[in-house]
Amino acid sequence: MVFEPPKRLVRALGETAPDGDDWLEKLPEAAQQAVALRELTVERVQVPGGRSSLVVLVRTADGTPAVLKLAPGRARPEAERAALAHWGGRGAVQLLDPHTPAGVLLLERLHPDVSVRSLPEAKALLEAAGTLRRLWVEPPAGFPFETVAERTGRQAEAMRARAQADPEVAPLVGLALAAREELLAAPPEHRLLHGTFRQSKVLSAERMPWLAVGPDPVVGECAFDLARLVRDRVEDLIAQPSGAATTRRRVKRLAESLDVDQERLRGWTLFRAVESGVRAGRVGRPRDAELLLEFAGWL
């Protein structure tokens, strides 16, 4: 079988590595090797798939449905492996083989085309929040993950540079950076977080109704993880005349349902929305940037 990467993956990797790299060129051969090594039977490449990895639906030698996932090093697949191993299937997709080559993950098969995003909004938020709660555990000793302070520190540098180049975003960037400094001034909370959690990352499963996939794990406070969920379906929020009020109610409802401080959730939601908006503008997605920065302005 020819393992041609989906257009969505090619486009997204072009944004994160505009000068190019050779991972995509080596991907077909790497996929063939991974399939042969584990004696897998290929069904199909998942399309449109993710933005940072190739996902292939396969069956193991004994006929078990599975997913083969290949990701470049900058997507931190080994951190994902470590997090999934630590969760052990509690709230998240399960590793079927912890010893695959670097950058290759063999995972249990969920229902890739059915996420909680398919549910009505209120029900989707409820199910997603319940899934997220199960992931917030103590990290393993000597954990191999970034902290929230480390990850947002890198992001803050890029935000400052963008603000200098684009004065229009400077006020919001200033607010977001100030919020980050205030949030990090408190003693750090150490929980293993999904890192990039949203409705589309929660898929229908057999052994549980819903399981999380695709973590970019980080260690820190729960409010940071929940912040990404606040802005889910941002395009729908922006289209509503009451979008700002709906957003503030969502912050309150999610904070109360998961015992997270409301002001800390609001602060991290602001930072993460501005960071994502600035990044979208930098890589040539002006519409996404506009939506995210308008949303951030409501906070």
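Guide: Gladly. Let us start with a definition: buried means under 20% relative accessible area, exposed means over 50%, and partly exposed is in between (1.4 Å probe, protein chains only). This is a predicted model, where local features need pLDDT of at least 70, side-chain atom pairs count only at pLDDT 80 or more, and totals for chains, interfaces and linings use all residues. Residues are numbered from 1 along each chain as its sequence is written, and side-chain values use heavy atoms, with hydrogens and water left out.

Visitor: Is R76 buried, partly exposed or exposed?

Guide: R76 counts as partly exposed because its relative accessibility is 28%. Its backbone deserves a look too: R76 is not a glycine, yet its phi is positive, at about 55 degrees.

Visitor: Where is R76 found?

Guide: In the loop between β3 (65-70) and α3 (77-87). Helices (H or I, at least four residues) and strands (E, at least two) are DSSP runs, numbered from the N terminus.

Visitor: Which residue other than glycine has a positive phi near 60 degrees?

Guide: That is R233, in the loop between α7 (222-230) and α8 (234-239). R233 is buried, because its relative accessible area is 13%.

Visitor: How many residues of α7 are buried?

Guide: Nine of its nine, so α7 is mostly covered. Among them are C222, F224, D225 and R228.

Visitor: Which peptide bond is cis?

Guide: The one from V47 to P48, with omega near 10 degrees. P48 sits in the loop between β1 (41-45) and β2 (54-59).
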